[in-house]
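Trainee: I've got a two-part model open on my screen and I'd like to talk it through. Could you show it and take my questions?

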Amino acid sequence: MQLDVISTSAIYITSFVLLLVGYVTALSSKDLVRLLISFELMFGAVFMSIIPLFSSISNTAFGITIVGIFTSSSELLVLIIAIILFDRKNKNIYTRSISIGGDKL
Amino acid sequence: MGMDVLLLSALAGVAILFSLGVLVSKDNFYSSLYMSVTLIFVAAVYALFNLQPVFVLIVFIFVGAIGIVTVALAATYRTPPERQFSSWWIPAIITALVLGFSSYLLMKRQALLHPQLATRPIQFEFANFLATPEYILLVLFLVSLSILMMLSALKIVGGAK
């Protein structure tokens with residue numbers, strides 16, 4: 001399949017909507033598991049947006065995909081550790097229990 | 001509009017529908033399942049463009065390992081289902097619309113300036129990627145970094161008891 005203007009637009013629009021849904025899910029998440037799910041959805045949007053790169057710099061695009069997969073794996077590892085430690089300390093995984101970091105509006 | 005574009009639109013549309021399922025679902029377990037299905041459809045778009053190595057990477061590693069760990073985590077920490085949808089979606093959508101329109105204008109300008117880039121074939125050979133030593137070094141570096149991170153994670157969890 002060739003990459004024309006219509007297919008490129010479809011890919012970018014899908015990527016944009018997936019990223020938007022990921023952001024809204026992260027903003028409205030009440031627990032850390034939902035936050036993790038939203039991050040993975042955002043990574044899915046990133047993978048979608050890489051497709052057009054394969055038409056011009058295919059090897060580099062594949063390298064970027066591999067870096068993205070390793071980054072998401074590391075993010076999952078760190079967040080799982082954070083969830084375990086958070087649960088041990090607070091006996092729940094609700095984001096409202098987070099008292100350190102971020103701005104209070 | 002060709003059959004390929006219709007198939008691409010269908011795959012993209014189903015991926016968007018499942019991603020909306022993540023947002024709307026009250027239960028984290030079902031949200032993680034919807035997320036995994038969304039990523040499988042993203043991988044299917046790669047398969048449509050004949051990029052099988054990326055399809056395998058996404059389906060077997062991203063969904064097969066990371067997605068299933070998330071499903072297991074959501075099943076383990078299963079809380080009573082509650083609506084997780086705040087009013088923050090309004091500023092998020094306004095910002096997204098502004099950014100989307102700016103990107104559209106930029107793409108339109110680029111398409112006018114470089115019309116020769118409008119239609120391009122995707123030619124990717126996995127053998128060419130493996131033949132480049134720099135990329136092999138990159139993969140080795142990332143694998144060793146992941147092992148270091150896993151060891152650090154084990155130490156943190158073990159030491160926090």
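Predicted model: local features only at pLDDT ≥ 70, side-chain atom pairs only at ≥ 80, totals over all residues.

Mentor: Residues are numbered from 1 along each chain as its sequence is written, while chains are lettered from A and ligands numbered from 1 in the order in which they are written.

Trainee: Which element of chain B has the highest mean pLDDT?

Mentor: pLDDT is the predictor's confidence in each residue, from 0 to 100. Chain B has a mean of 85, with 96% of its residues at 70 or more. Its elements are DSSP runs, numbered from the N terminus: helices are H or I with at least four residues, strands are E with at least two. The lowest mean in chain B, 77, belongs to S1(B), and the highest, 93, to H2(B).

Trainee: How many residues on the side of chain B that touches chain A are charged?

Mentor: Two residues are in contact if their C-beta atoms, placed from the backbone, lie within 7 Å. The contact takes 55 residues from chain A and 68 from chain B. On the chain B side, H1 (3–24), H2 (28–48), H3 (52–76), H4 (89–113), S1 (120–121), H5 (126–130) and H6 (133–159) each supply at least two residues. By class (nonpolar is Ala, Val, Leu, Ile, Met, Phe, Trp, Tyr, Cys and Pro; charged is Asp, Glu, Lys and Arg; polar is the others, Gly among them), that side has 48 nonpolar, 17 polar and, charged, 3.

Trainee: What is the bridge partner of A:Gln2 in S1(B)?

Mentor: Strands pair if DSSP finds at least two bridges between them. Here 2 bridges join S1 of chain A, residues 2–3, to S1(B), and the strands run antiparallel. The partner of A:Gln2 is B:Pro121.

Trainee: Which residue of chain A does B:Ile58 touch?

Mentor: Leave out residues up to four places away in sequence. Its partners in chain B are B:Leu39, B:Val42, B:Ala43, B:Tyr46 and B:Val63, and from chain A there is A:Phe47.

Trainee: Is B:Ile122 buried, exposed or partly exposed, and why?

Mentor: B:Ile122 lies in the loop between S1 and H5 of chain B. Leaving aside neighbours within four places in sequence, its contacts are A:Leu3, A:Phe54, A:Ser55, B:Phe49, B:Asn50 and B:Leu51. A residue is buried with 20 or more other C-beta atoms within 10 Å of its own, exposed with 12 or fewer, and partly exposed in between, with C-beta atoms placed from the backbone. B:Ile122 has 19, so it counts as partly exposed.

Trainee: How far is B:Glu125 from B:Leu51 in space, C-alpha to C-alpha?

Mentor: B:Glu125 lies in the loop between S1 and H5 of chain B. It is exposed because 12 other C-beta atoms lie within 10 Å. The two residues are 74 apart in sequence, and the distance in space is 8.7 Å.

Trainee: What is the phi of A:Lys91?

Mentor: Most residues other than glycine have a negative phi. A:Lys91 is found in the segment after H3 of chain A, and it is exposed, with 8 other C-beta atoms within 10 Å. Although A:Lys91 is not a glycine, its phi is positive, at about 65°.
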